[in-house]
Amino acid sequence: MISIAIINLKGGVGKSVTTCNLAAELAALSKSVLVVDLDKQGNTSKFFGVLDYDRPSVAEVMMGECRVWDAVVEDTGVIGVHLLPCDMRMLKANRGILMDTTEPQQFRLRDALDEVAVNDGLYDYCIMDCPPDLDMGSINALCAADWVIIPVDCDEWACDGMREIVDQIERVQMYYNPHLKIMGALMTKYRRTRYAAEVVHQLNDAGVEMLGTVIRYTIKVSEAKSAHKPLRAYRPDCSAATDYGCLADEVEEIVSRMDTKEG
């Protein structure tokens with residue numbers, strides 16, 4: 001199971017949209033995908049229509065109160081995509097984990113997902129939607145991930161917090177997860193402006209490579225989100241739907257290339 005953390009400390013850059021659409025596109029390539037929502041706002045859980053305070057969530061999993069299997073929702077409306085949901089209970093979980101000094105707290109999610117990973121072939125990918133801050137959810141995601149994708153929008157303050165993200169990734173690589181790799185920054189809401197060129201320059205200065213795919217701006221992204229449908233189901237002919245399909249292909253190619261090198 002290949003695990004990918006979708007992270008940026010800046011809100012509104014398309015983390016949840018990217019998580020949902022990448023998962024749907026990978027599923028369309030006949031890949032089985034587990035999506036893990038780690039943002040207390042629960043936008044990914046809302047997208048898939050599974051926000052429900054009466055059932056277990058990722059918060060209970062990370063607190064050791066239930067197993068992943070007890071919390072995973074299989075009926076997301078997208079064949080091949082299952083979801084470990086999140087909601088405001090994650091606030092309490094973050095506080096509880098920080099206050100627990102009995103064991104290392106960075107590996108709670110990794111250890112929980114290991115139970116899933118040992119079922120070889122059940123999931124090809126695990127896509128983790130991280131909150132826009134470095135809480136225990138984000139840190140646990142980085143410690144559990146093989147790869148990181150950093151969505152970046154094309155506005156004047158696009159790279160705010162980028163140095164902090166890179167520093168945190170490097171610390172996780174050094175102390176907790178030496179296998180963690182940055183797949184690249186993903187430009188979202190892309191329009192050919194002077195800001196877009198400046199974003200590329202700033203990312204290069206920060207040592208972050210760009211993914212070859214960019215997600216072009218279109219109002220259809222917001223419309224699809226409101227309709228709770230992946231772009232491939234809502235408007236498969238729109239530019240962003242095409243771009244997310246290309247992103248899934250690029251992810252597959254990068255993962256396959258790395259597997260070949262390591263093999």
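Thr213 touches Leu186, Asp243, Cys246, Leu247 and Glu250, leaving aside residues up to four places away in sequence; touching, or contact, means heavy atoms within 4.5 Å. Thr213 sits in strand 7 (residues 210-216) and counts as buried, at 9% relative accessibility (buried is under 20% relative accessible area, exposed over 50%, partly exposed in between, with a 1.4 Å probe and protein chains only). Its side chain also makes a polar contact with the side chain of Glu250, at 2.6 Å; that term takes a pair of N or O atoms within 3.5 Å, one able to donate a hydrogen and the other to accept it.

A word on the source: this is a predicted model, where local features need pLDDT of at least 70, side-chain atom pairs count only at pLDDT 80 or more, and totals for chains, interfaces and linings use all residues. Residues are numbered from 1 along each chain as its sequence is written, and side-chain values use heavy atoms, without hydrogens and water.

Now the nonpolar cores, sets of buried Ala, Val, Leu, Ile, Met, Phe, Trp, Tyr and Cys residues joined through side-chain atoms within 4.5 Å:

| Core | Residues | Members include |
|---|---|---|
| Largest | 51 residues | Val36, Leu38, Met128 |
| Second, separate | 39 residues | Ile2, Val33, Leu83, Leu231 |

In the largest core, Val36, Leu38 and Met128 touch the most other members. Helix 7 (residues 136-144) gives the most to this core, six residues; helices are DSSP runs (H or I, at least four residues) and strands likewise (E, at least two), numbered from the N terminus.
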